[in-house]
Structures are given as structure tokens and as C-alpha cells.
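Here is a friendly briefing to read alongside the model. Please keep the viewer open as you go through the points.

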Amino acid sequence: MSNIVLRLENITKRFGDLVAVNNVSFDVKRGEVFSLLGPSGCGKTTTLRIIAGLEKPDSGKVYIDGEDVTYKSSRERKVCLVFQEYAVFPHMSVYDNIAFGLRFKKLNKEEVSKRVREIAELLDLDELLSIRASKIGLSEQQRVAIARCLVVEPSILLLDEPLTLLDARIKERMRRELRRLQREFKITVIYVTHDQLEAMMLSDRIAVMNKGRIIQIGSPKEIYEKPSNLFVATFVGSPTINLIEGVLRVSNNRLMLSAGNGDILLSDYIEKPEVFREIFNKEVIIGVRPEDIIIDPGGLLQGEIRYIEALGDRMVLHINVFKSIMLRVLTDLYTRVSIGDKIRLRINISNLHIFDKVSGERIINMR
Amino acid sequence: MQMVDSGVFNMRRIIINIIKYMVILFFILWIAIPVAWIISLSFKPYGEWRTASFIPNKPTLDNYIMLFSPRVLSAFIAYTAVIEPITRPMINSVIVASVATLIAVGIGFFVAYGASRYNSPGPFTLFFTLLTRMLPPATFVTPLVVYYTTLSLLDNVIGLILLYAAASVTYAIWIIKGFIDSIPVEWEEVALIEGAKPIEVIRRVVLPIARPGIVVSGLFIFLLSWTELLFALVLTSSQAVTLPVQISKYVTGVGPLYGAQAAAALIGSLPPVIIGYIIQRHLITGFTFGLVRT
Amino acid sequence: MPEKPPRSIVYLSNIPLNLLLNGILIIPFAVMIYLAFVKWSPLMGINWWQAPFAGLANFQRALEDDRFIAALQRTAVFVVATVSIEFLLGLLLSYLLLGEFFGKKIVIALLVYPLMLPPVVVATIFYLFFQPYGPVNNIFLKFIIGEKALDIYWFLQPDLAFITILLADIWQWTPFMFLILYSGLSAVPKRFIEAAEVLGASSWYIFWRIRLPLIKQLVAVAIILRALEAFKVFDYAYVMTGGGPGTATETVSLYIYRLSILYSDISYAASVSLIVLLMIAIASRLFIYFVIERGR
């Protein structure tokens, strides 16, 4: 148990008729960065607040450091929460803000001062200590909010969408800062966000949530390469995964997808066709990530470029294959193509994702 | 909902709660006792008005009947003037107080907003509006009467409405401004940059947060207008008589009709009570965004 | 915010206000000022606009008027006492009522009830309350100190009379303070409260160090508004004590009222009113400066 710093068991929380958190359970290991990722309203913030002690669950249990804290108030838990809007106390100085939590710990003045100044220096706030918190900028306020938490040495640091309010350049920097702080303090972090890129870059493990439920828990690699259902596959990954409906068939070791308008030849040689036996003639949805479609003059698929999107150091080609099917293909900037070009594509089948059409659940993963 | 510290047998918490509720109870009694006495007074017959008891010996509805029936009333009044039933003054009070409140709050809101965000009107004007509440009313009355005579606003609800609105608009301005000042300017600036017109900005950003201020000042102004006596007494005679004036008329050659006054005051306090109860929920905006789902 | 306000805001925030105040209040006020500088009384038999000019005579008389000065002092003491007590009680009530509990809405409705009664009525009730035959003597005090209670004549002793009007004012106006403080305190954004909670603060600490400081401006507004009203106190003194015994509870408003109505000394009354106005204006200006503007 000493490795597990937080355990949630069957947590459910309702607001009126809405079930915000629906039977959520997971463990968080000491020292890891654990993210709750999902769209707005999926219950991630409510779950965080339940961990913090600001909401009481309707059922289920919360264990922190092995102790059942379900009914304990937030001041009795060794956690600290950095709010989305930082909630820095505007009428107090930066120093008083950071020192706030220490005043309840029966430390003498010198000790408090020492700790506050240490943290302030680490977070580049030492010049601002005597300034009123309402007068500093947003990213400084965020650092104050974080410092305020770090200084009380909580078992778990809870962050509620900390980067949402910052602009892009600062976001970049703060991501690195957060990672650095986390490694330095070896502190367990639970991180709530709707930005999948953020979650992927910062986390050791991610819990993807939707409509109050946990859909999948795994490392960023696992979530990305083995999404357990359609929701996770489409939510994670940018540009969004390509999805095609149809029925898979194998004949002569050739893999084909019968999709409405006709047959798409996915591969002309499959080593082990038996793998597909259980889904023969079943209605499925195929998922192919844009980076798994490659421009290849010898490829099996042919299509016409309808639209080109420039994304910084890459391009996304929107290619029409087969009457109504549009595929997004990722490529680098050096590829010379223009709209209207006819182009041949090859699909990397080892990264093919197959989902059941009705349930959205993953059927086979090609790995 | 509030999380409380855990521990079933937390003695300290129990004692604190007991003290807390006892103090609340004390305040309830502090308010309720005189109110109970007014209620009992309203049911006491003439002979018992000057007694200490909280329960009338011979309870009667006479005082209430008196309010609505001039004939019963004139039996008490030594002079021949027949006092009207209380219905008209009640209606007048409702009209005067509501309209005056709407005008005062409507005007006051925009003044508060302009003053808070753009210094328009400036601090001098703001202070100047406070002057309206600093003047002892007694000597203002005579010039006002003369002025109103020339404007034909005597004994006219409009005259009262305008006076009350003018006299209490400063309440609205100062209270609402207090709330608007506490809203970070950045929110409105962002909205303006996004292309919203100033009026929209007010509606979407400012109004929700200033709402308690609007409601509180509105309530006070309504109450001020509802209970005002001096100017109403002087400026009205028959048509526009308001409730407090009517109450003051329940006086005979041998002294005030305490029972009738009590009954009238109780009935007269009902509309404000109802309004106050209805708007109570607007007095509180402690919720942060998105964390309370309905 | 942009330096120059948009046209619509300028119009909306200035024109209606000016129309209202200038249309209704300026002219009578100007007449009042005029009256203060002339010598006029309806008993003189001439029209008010024909009154002889008197310069500063009225004002000089006021400054040497012992009765006026006594009334001023008395009223000042009254204001300080009532406003501070009402503020503290209002604060206490707000603190107690911050959390949810069963029947809270009813409790608040009851606590606020005194504001719904005309001050004259409250004055009348308290008048009856403190009569020798009233419940204060016959029920409450009798319970505490026995038969001796019946010998207390509230309105015949200056100190006791003063206390009665204090109590009437406190009873009626504490809810005012309570309402403003309560709505301000509960409007403090929840995230500040929660942030403090998570960091270990008790609700008592949060009340004093987080909620209250954040509504400092509102508190100042509440105090000044209440103080302005308290200074004009009239109804309680008029109905309950008649300013007595003697002039022991004669407030400034009562004195001015008597000058106008009883003695028909209108111009003098006007000048006294203006002096009072000036004094209050200066006092509040100073208050606003020190408390509100410095606190920004």
C-alpha cells in the first residue's frame, strides 16, 4: 500500500438528475503524474474536487496514504489544489499568499520565512514577494498558486486545468516548468485537463473520462497506440484519426474493406488471415491515424487531394478516396503536392485499429 | 454543501454549534418579541391597549374592521372627517414604492457603472448625490410644497414617486458601485475586444455579478419609500395618501388608536415581506462558474 | 478600459440622473438657501420673496445657540453608538448565518422584518413598551429584578430616555447592516474560500482574513449610508420622548422641526439645516477620503 498514494473506489456523485461521476475507481502511485483527461463536463473536475475534499461523494471511498478520508474535510487531508483561476488572494501580498498554509502548522516566523523564500526563489517569485497579489500578471499568479501549495508539502498536488488561461508561448514554458518541479520535488501530481496534447506530454499515466466514467487508463503510449474504444481513439491524437465504416473481408490473403460504395483494398498480402476470422462479415469501423497513411507511388489506394492544411512543420492533406471517403494524411513540408493531384497511398496495417460498429469498443489491435 | 471536520464525538464542534444556535435564537427572540406584541395589540380592544400583556383578555377583530370600514372608524373619531378604508392607501403605497424603486435603481445602475469604469460622472457628482441624504428634512418641506404647487404635483402619486426616486437614487448608486468595483475590469475588456457592444458587455458580464447589489439597494429603496412619512404627510391630502400617512390619521381627541395603528402596520408590512421573500435568492452569488450544476 | 467612454454610457450615466435631481430637488433647495440668508417667518405677514436680507445673521445666531449645539452633540453620540452597535450585531449575524441550516430562509425573513415597518410605528410600539404599564417593566424586568422594576420611569430620566431611543433605532436598523454585510460576504467568490480551506484555514479564520477584507469597500459604504440616516433621527425622539425629559433627547432634526412648526422661525431653521448639512458633508467627505480612497 505504501506505493499507492491515492485510491478511489467506486466513487459516484450526482448533482440533481445529472450523474457527474459514475462509479469511478483508480489508483495513483507515489511520485507519478496522473492525468484526468476528457471533454468539458466529463466529470474530471468533480473527481478532482472529491479527491481534494471539496465535494463529498454520494457513494464510494477515497483513500490517501492508506487512510480512509472520504468523510474528512479538505483541511484534514494532505492535499493541495491549484484552481483553474488560481484563486490567489488578491488583498494579500505574494509573501502572505505563499505563507498562508504554513500559518496553520505551528511554525515560528523564521521557519516560515525561510521556506517561503526558498520556494519563491525556485519559482522566480523572489522579487515579487512584497507586491499585492492582485497587481501581478496571470502567469505570475499561477506560480504563486503553485508555490502556495508546494510550500505545505502535500502528499498529492492537484492541478485543475492549470494551463488553460495562459497564452501559447507561456504554456510551452510552464509545461516544462511543471515537469521540472515535479521531478525535483518528487511530488505526486493529479492533473485535470481537456487538452490531450498536454496530457500526453506531461503524464506518466492518463485516465480518459467521458460522461462521468473512466474509459481507459494507461500510459500515453498505450492510450495512443491501443485506444480501447472509438472515443479514446478520436479524442487523443492530432490531427484526428481517420474512421471508415464497413465490413472487412479477406480473400486470397488480401484484406479488403467493403465500405458502402465499394471495396477498399487495404493490403495485398496478410500473413495471418485467421486473426480476422472472428470479425469476418461483421460491421466494423476502421481507424487509421494520419501518420499511418503514407504517400507511395506503389500504394494500393488512389485518391485526389482536395485540401491542404499547413500545420507549422507538417502538412495535412485531405484526400478523397472513393466517392465519399475523405482521409487525412500527415506529411512533411517537403512533399510537393497541390490541390487536385492524384496520388497513391499505402496504409500501414500494423497500426490499424478496428472497432465494433455498434459499441465502439476495440475488437482487434493489430499489434 | 459544506464539509465539516470529521469526528463523531468532536466535543468542541458540538459546543460551538450549540452556542451558535443559541445566539441565533436570541436574535430571533429579540426581533420576535416586539412583533408578537404588535400582533397582540392589533387584537386588543380599546381598554387593553395600555396593558403589558402579550395575550389579549378579550381578543377582538374590531381594529381590523376599523381599517376597512369608515363608519366604524368615524364612531371613534371625535371630528367629522371620515377616513377612507385602507385599501386605497395600500394601493397608492404599492404604486409609489415600486415605481420609485424602479426609477432609482434603473438610473442608479448606469450611474454606478459609468462612475466605476469611466469616471463618468466623476467623484464630485457622486459625493453630491450623497448630499441628498444629509439634509434634515424639516426645512426642505416648505419650499418643496411651494414648488410642487406650481407644478401641480401636490396630492399626486407622481409627485411622491419623483421625490422618492430623487432622494434615494444615491443609495442605488453607492451600493451597486460597490459591487461593480469588485468585478475585475479585465473580463469586460476581453468582451469588448471580442467585439461586444458596451450594452452587451453590461448584460453578460456585469449584471450577473452586480445582481445582489441591485437587489439589495432595490429592496432598501422600496422599504424607504414604503415607510416614509414626513413628506407623504405634507404632500398628500386625499388622493395620493400612502399607508404611513393613513396610519398617522388613526388618532382621536383622546389619543392614538393604537390597536388600529398596529393592525394597519401589520397589514401594511405584508407586501414588503412578500417581495423580500421572493427576491431572497438573488441576494447570494457565492457560486463559482461551472461548479454548481442544476 | 478605453479612456473615453462610449457615447451610450455617457448619456445613460449622466442625463437621467441630472434630470431627476435637478428637476425635483434643486429649486426647493435653492429657495432654502435663500431663506437662510433672509429674515422671514410666516407670522410676519409678508410673502417670502419679499423678505428683508439678513446676511449671515441667522448663521451667527446658530453658532451661539446652546440648544442647537447641545442637540448636535447629543445626535453625534447617538450616531456613533447606534452605527457601531448595529455594525457589530450585523456582522455577528452575518457570520452566524453564513452556513446553511434548516429554516434559514424563514429566519432571515424574520430578522429583516423590522425594516418593513414605518419608523413611526416602531416608535409608537417602543413607546408603549417602555411605559410604566408596558411589558418591559411588567414582564421582563420584573422577571429579573422583581417589584423594583415597576418604579423605573424610562422617559423621565435623561439617560434612560436616551437608551430607549437607542434601542428603538438598533432594533429597527440592525437588519439593514445585516443585509448589506450578508449579501457582500456571501458574494465572495467560492474559490477563495475553497483555496483557503484546502490550505487548512478554519471558517473563523476565513471569515476574518478572507471574506471581511474583501468587502472592505462595501462595509465603508454601509457605514456611511447608515450614519447619514442616523443623524437625521426624528421619529423615535418625537413619538417616544418628545425630546424629553426637557431637551435631554432632543435631536437635531427634532429641534429643526420645532423651529419650523412650533416657533415658525423658518429662516433660522433653514440656516441651522444648512449648517448641519455642511458639517455632515465635511465629515463624510473626510471619512470617504480616509477609508475608501486610501484603501484602493
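Strand β1 (residues 4–15) of chain A runs antiparallel to strand β4 (residues 59–64) of chain A, and five bridges join them. Two strands count as paired if DSSP finds at least two bridges between them. Helices (H or I, at least four residues) and strands (E, at least two) are DSSP runs, numbered from the N terminus. This is a predicted model, in which local features need pLDDT of at least 70 and side-chain atom pairs count only at pLDDT 80 or more, while totals for chains, interfaces and linings use all residues. Residues are numbered from 1 along each chain as its sequence is written, and chains are lettered from A and ligands numbered from 1 in the order in which they are written.

**Chain A overall**

- Chain A has eight helices and 21 strands.
- The C-alpha trace of chain A spans about 80 × 45 × 35 Å along its principal axes.
- Chain A has 367 residues, and 38% of them count as buried. A residue is buried if 20 or more other C-beta atoms lie within 10 Å of its own, exposed if 12 or fewer, and partly exposed in between, with C-beta atoms placed from the backbone.
- Taking contacts in chain A between residues at least 6 apart in sequence, 63% join residues at least 24 apart. Two residues are in contact if their C-beta atoms, placed from the backbone, lie within 7 Å.

**Strands and sheets of chain A**

- Strands β1 and β4 belong to an open sheet of four strands in chain A, ordered β2-β1-β4-β5 with antiparallel pairing. Its edge strands are β2 (18–29) and β5 (67–68), each of which pairs on one side only.
- Which residue of β4(A) is the bridge partner of A:L6? The partner is A:I64.
- Elsewhere, strand β14 (residues 283–288) of chain A pairs with β20(A) in the antiparallel sense over four bridges. Within β20(A), A:D356 is the bridge partner of A:V284.
- In a regular strand the side chains alternate between the two faces of the sheet. Strand β20 (residues 353–356) of chain A has A:H353 and A:F355 on its covered face, and A:I354 and A:D356 on its uncovered one.

**Backbone details worth a look**

- Most residues other than glycine have a negative phi, and most peptide bonds are trans.
- The peptide bond from A:S238 to A:P239 is cis, with omega near 0°. A:P239 sits in the loop between α8 (230–235) and β11 (242–251) of chain A.
- B:S120 and B:P121 are also joined by a cis peptide bond, with omega about 10°. The loop between α4 (87–118) and α5 (123–131) of chain B holds B:P121.
- A:E161 is not a glycine, yet its phi is positive, near 45°. This residue lies in the loop between β7 (156–160) and α5 (168–185) of chain A. A:E161 counts as buried because it has 20 C-beta neighbours inside 10 Å.
- B:S152 has a positive phi of about 55° although it is not a glycine. Its place is in the loop between α6 (141–151) and α7 (157–181) of chain B. B:S152 has 10 other C-beta atoms within 10 Å, so it is exposed.

- Helix α1 (residues 7–36) of chain C has 30 residues and should span 44 Å at 1.5 Å a residue; its end C-alpha atoms are 40 Å apart, which agrees. The expected span is 1.5 Å times one less than the number of residues.
- Where does α1(C) kink? A kink of about 40° lies at C:L25, shortly before the proline C:P28. The bend at a residue is the angle between axes fitted to the seven residues ending there and the seven starting there.
- C:Q50 is in the loop between α1 and α2 (57–63) of chain C. C:Q50 is exposed because 9 other C-beta atoms lie within 10 Å.
- C:Q50 and C:E64 are 14 residues apart along the chain, and their C-alpha atoms are separated by 27 Å.

**Interfaces**

- Between chains C and B, 79 residues of chain C are in contact with 81 residues of chain B. Helix α1(C) supplies the largest share of the chain C side, 16 residues.
- That side of chain C has 59 nonpolar, 14 polar and six charged residues. Ala, Val, Leu, Ile, Met, Phe, Trp, Tyr, Cys and Pro count as nonpolar, Asp, Glu, Lys and Arg as charged, and the others, Gly among them, as polar.
- Between chains A and C, 17 residues of chain A are in contact with 12 residues of chain C. Strand β6 (residues 79–82) of chain A gives the most to the chain A side, with three residues. The chain A side divides into 11 nonpolar, three polar and three charged residues.
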